[in-house]
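Please keep the sequence and the 3D view at hand while reading.

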Amino acid sequence: MMERATTIWLASYPKSGNTWLRAMYSAWSSQEQPRLDRLQGLPIAASRQAFDDALGIDSADLTADEIDLLRPRADEVIAAQDRRDGEVRLRKVHDALLTGPAGEPVVSVSAARCAIYVIRDPRDVAASLAHHTDRPLDYVVDYMASHVAAVGAARDRLEPQVRQRLGTWSEHVESWTDQDVIPLLVVRYEDCLRDPVAVWSAVLDFAGMGVEPDRVSQAVAACSFTRLQDQEKREGFNERTSPNSLFFREGRSGGWRTSLSAELAAKLESDHQGVMQRFGYLNGGG
Amino acid sequence: MTPASRAPEATGQVAWADGPVPDRLPHAVWRSPLVEVQRQEGLLRIPTVAKLLVPTDGPPTVERRAGVGGAELDCFVNGPVRALRGLLGGHFALRGSAVLVDDGALLIAGNSGAGKSALAATLMRTGSPVVADGYVFVDAGAPPTVRVTCTKLGLWPDTVRALGMDSADGELVRTGLAKRAFASPVPPTGDNIPVRKLVVLSIGAPPGGSHGPIVEPRSLDLPTAMRTVAALGYLGQAVAPLGLSADHARWLMSLVSLRPVELSRRGGGMAESLAELARAAGGA
């Protein structure tokens with residue numbers, strides 16, 4: 001399957017660096033400064049529009065469970081088109097890799113060449129998510145411990161993205177990192193900040209896309225946090241949820257130390273102790 | 001248009017008959033995981049609801065899953081099945097809504113979730129009769145005309161609240177969905193209504209820095225308009241395999257001759273942005 005499949009799932013819990021890596025991919029593939037408004041060219045796995053276009057049906061007439069059942073089919077249609085076009089595509093996904101009503105993973109396994117899972121210190125995720133969603137920190141910390149946490153799940157409105165089940169932050173991480181049906185590379189956001197060239201080279205190598213050092217360096221330079229933030233300030237960004245808060249806000253690690261209370265930090269460490277330890281977030285590695 | 005084809009039903013509900021439906025069409029010229037088409041016939045498979053065999057003429061045959069009721073089927077028979085039957089007969093539909101304003105139809109197109117029905121409802125509340133919702137059948141011409149196919153709007157609770165409507169006035173569209181269908185208080189008169197304006201709704205980036213315009217209108221140049229409108233047509237991928245490319249090209253040209261305007265919604269509250277969209281659509 002590896003040689004024929006065309007989709008590279010770029011998976012993460014929200015606010016874990018997924019968009020930054022997508023920008024990097026855009027810069028790498030186009031060899032130009034990435035345009036934030038064109039990152040949409042690579043549709044998120046939960047894109048309602050991509051689902052409707054692929055299947056020829058209006059997802060607004062389907063329940064969330066029915067959509068879960070059909071999402072892998074939509075992924076396969078998109079991948080088949082990419083195969084005809086000779087393209088390999090990186091697709092953002094925030095879903096946990098849970099099974100749908102028919103026992104099949106919610107994103108297509110057969111369409112997947114591989115997956116890159118981006119993990120970030122959950123204490124920084126909490127601070128960033130609270131800012132992004134304009135929710136109190138204690139709400140977000142509870143949300144990250146909720147087994148039924150999901151985005152795009154509102155029943156009273158139609159959102160541009162279909163429901164994405166997240167589970168707890170730990171469940172999300174484990175759903176991807178403990179599966180064995182899609183070849184996986186785990187990338188720590190903190191490592192990406194520390195040495196983006198090395199991390200991006202590893203991603204390209206893993207995905208079989210060929211590593212050209214100059215091209216990688218150019219892509220990394222084009223995607224410096226300052227450059228992306230400046231572009232967002234000038235032109236806006238449609239993944240921003242509020243006109244008053246930037247999507248590219250801080251882009252650093254350890255910011256939680258100044259934004260999370262000791263109590264909330266302790267709760268996150270307790271809720272997610274096992275996974276945090278496993279990925280080096282409780283032993284000074286974050 | 002194929003000479004023998006029959007126009008889609010007007011506002012009446014599409015009737016269907018229960019019966020066995022094959023899993024595949026033997027001579028399909030185009031297949032997706034849910035839809036197959038061959039000359040004069042289409043197949044729609046909605047795994048949790050039914051398989052539907054759709055002839056160009058005559059009622060669709062429905063093989064429904066156990067426990068699926070008639071109201072559940074109506075949602076599909078009068079939506080994608082009607083659109084599929086129209087396509088097989090050379091009648092092309094656009095994903096959108098249409099309302100009657102002044103002397104013609106305002107056609108509101110856009111992707112799912114862009115706010116088409118919500119904008120149509122805003123205009124319905126100020127007296128514009130609803131002409132179509134979901135799939136809008138447009139016949140090529142100068143100007144193109146739109147068929148009256150559905151005088152109800154499917155609205156989600158957030159829109160109902162924002163417009164100060166009473167949810168009890170609407171009927172649930174399907175079990176498990178909070179969307180309700182609201183009848184147009186004023187029925188449209190006539191059938192083939194000339195289209196005066198075409199607006200395409202999209203969701204844009206919230207402006208950088210402080211508050212900017214909530215709705216940003218943008219005239220689409222010809223190539224962009226062609227691409228955008230083509231992408232919003234129902235099942236455009238099946239057009240060429242069905243041998244309908246020439247008719248479809250005429251249809252497309254007819255629509256882009258309206259000089260479509262994109263209205264990009266860039267944040268703001270629901271009520272505020274709908275009011276702004278309605279103003280912009282009026283002036284587009």
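The largest nonpolar core has 85 residues. A nonpolar core here is a set of buried Ala, Val, Leu, Ile, Met, Phe, Trp, Tyr and Cys residues joined through C-beta atoms within 7 Å. A residue is buried if 20 or more other C-beta atoms lie within 10 Å of its own, exposed if 12 or fewer, and partly exposed in between, with C-beta atoms placed from the backbone. The model is predicted: local features need pLDDT of at least 70 and side-chain atom pairs pLDDT 80 or more, while totals for chains, interfaces and linings use all residues. Residues are numbered from 1 along each chain as its sequence is written, and chains are lettered from A and ligands numbered from 1 in the order in which they are written.

Among the residues with the most contacts inside this core are Ala98(B), Leu107(B) and Val146(B). Helix H1 of chain B, residues 70-88, is the element that gives the most to the core, with 9 residues. Helices (H or I, at least four residues) and strands (E, at least two) are DSSP runs, numbered from the N terminus. Because domain 1 (17-88) and domain 2 (93-283) of chain B both supply residues, the core lies between them; the domain bounds come from an automatic or database domain assignment. Beyond its neighbours within four places in sequence, Ala98(B) is in contact with residues including Ala105(B), Ile108(B), Val131(B) and Val136(B), contact being C-beta atoms, placed from the backbone, within 7 Å. A second, separate core of 75 residues includes Ala23(A), Ala46(A), Ala50(A) and Tyr189(A).

Chain B also has an open sheet of 6 strands with mixed pairing, in the order S1-S6-S5-S4-S3-S2. Two strands pair if DSSP finds at least two bridges between them. The edge strands of chain B, S1 (17-18) and S2 (30-31), each pair on one side only. S2(B) pairs with strand S3 (residues 35-38) of chain B in the antiparallel sense over 2 bridges.

H1(B) packs on this sheet, touching S3, S4 (41-46), S5 (50-55) and S6 (61-64) of chain B. Its direction makes about 150° with that of S4(B); axes are lines fitted to C-alpha atoms, for helices over the stretch in contact, and angles run from 0 to 180 degrees between N-to-C directions. Since 16 of the 19 residues of H1(B) are buried, the helix is largely enclosed by the rest of the structure. Gly90(B), with a positive phi near 85°, follows H1(B).

Key:
Contact = placed C-beta atoms within 7 Å.
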